[in-house]
Amino acid sequence: MKVKIKYLGRTMELFGLPPDQREETIYLSDDSLYRDVLKKIDEKFQQANKDKNIAEYDIFNDIVVFSKGRILRTLTEKAIDHPKIIIAPLIAGG
């Protein structure tokens with residue numbers, strides 16, 4: 001299964017991608033769940049930042065991952081029913 005990821009803001013830079021690369025495709029098995037997408041995203045972040053001390057860092061504190069308007073952290077055990085993912089910066093203000 002091909003899953004297309006679209007990066008909003010400057011989130012692509014967190015994953016070691018150039019600023020002009022706004023989309024990419026990842027490949028998963030046909031029976032994958034949304035947790036598999038989240039795992040791939042985390043692995044991609046860890047690989048891009050392997051030279052930094054980020055062992056305890058959780059990338060999902062800085063980004064939110066959507067599919068069809070739904071936050072994937074709440075759908076981890078659901079089969080992928082919409083293969084388009086959006087990664088957006090999680091901005092908290094006060």
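The structure holds three aromatic pairs. These and the other features described here belong to a predicted model. A pair of aromatic rings is described by the distance of the centres and the angle of the planes. Phe15 and Phe45 form one of the pairs, with centres 6.2 Å apart and an angle of 80 degrees between the planes, an edge-to-face arrangement. This pair links distant parts of the chain, since Phe15 belongs to the loop between S1 and strand S2 (23-27) while Phe45 belongs to helix H1, 30 residues apart. Phe15 has a relative accessible area of 3% and is therefore buried. Phe45 is likewise buried, at 4%.

Phe45 also pairs with Tyr57: the ring centres are 5.5 Å apart and the planes stand at 40 degrees, so this pair is tilted. It too joins distant parts of the chain, with Phe45 in helix H1 and Tyr57 in the loop between H1 and S3, 12 residues apart. Tyr57 has a relative accessibility of 31% and therefore counts as partly exposed; the limits for that class are 20% and 50%. Through ring pairs, Tyr7, Phe15, Phe45 and Tyr57 are linked into a cluster.

With 15 residues at 1.5 Å a residue, H1 should span 21 Å, and because its end C-alpha atoms are 21 Å apart, the two values agree. Which residues of H1 are buried? They are Tyr34, Val37, Leu38, Ile41 and Phe45. These residues cover an arc of only 100 degrees around the axis, which means that they lie on the same side of H1. An α-helix has 3.6 residues a turn, so residues three or four places apart point the same way. The cover over the buried residues of H1 includes strand S1 (2-7), S3, S4 and strand S5 (84-89).

Is Asn49 buried or exposed? Its relative accessibility is 8%, so Asn49 counts as buried. A polar atom of the Asn49 side chain lies 2.9 Å from the backbone oxygen of Phe45. Apart from neighbours within four places in sequence, Asn49 is in contact with Leu14 and Ile54.

Five strands form an open sheet in the order S2-S1-S5-S3-S4, with mixed pairing. S2 and S4 stand at the edges and have a single partner strand each, so one side of each is left without a neighbour in the sheet. Strands of a sheet pair through backbone hydrogen bonds, either parallel or antiparallel. S3 and S4 run antiparallel and are joined by two bridges. Phe66 stands opposite Ile71 in S4.

Between these two strands, the backbone has a feature of its own. Lys68 lies in the loop between S3 and strand S4 (70-71). Although Lys68 is not a glycine, it has a positive phi of about 55 degrees. Most residues other than glycine have a negative phi. Lys68 has a relative accessibility of 57% and therefore counts as exposed, whereas Asn49 is buried at 8%.

Note on methods. Residues numbered from 1 in each chain as written. Predicted model: local features only at pLDDT ≥ 70, side-chain atom pairs only at ≥ 80, totals over all residues. Heavy atoms only, no water. Buried < 20%, exposed > 50% of the residue type's maximum accessible area, 1.4 Å probe, protein only. Polar contact = N/O pair within 3.5 Å; in protein donor to acceptor, adjacent residues only side chain to side chain. Contact = heavy atoms within 4.5 Å. Helix = DSSP H or I, 4+ residues; strand = E, 2+ residues; numbered from the N terminus. Expected span 1.5 Å × (residues − 1). Arc of directions from axis to C-beta. Phe/Tyr/Trp six-rings, centres within 6.5 Å; stacked < 30°, edge-to-face > 60°. Pairing = 2+ DSSP bridges.
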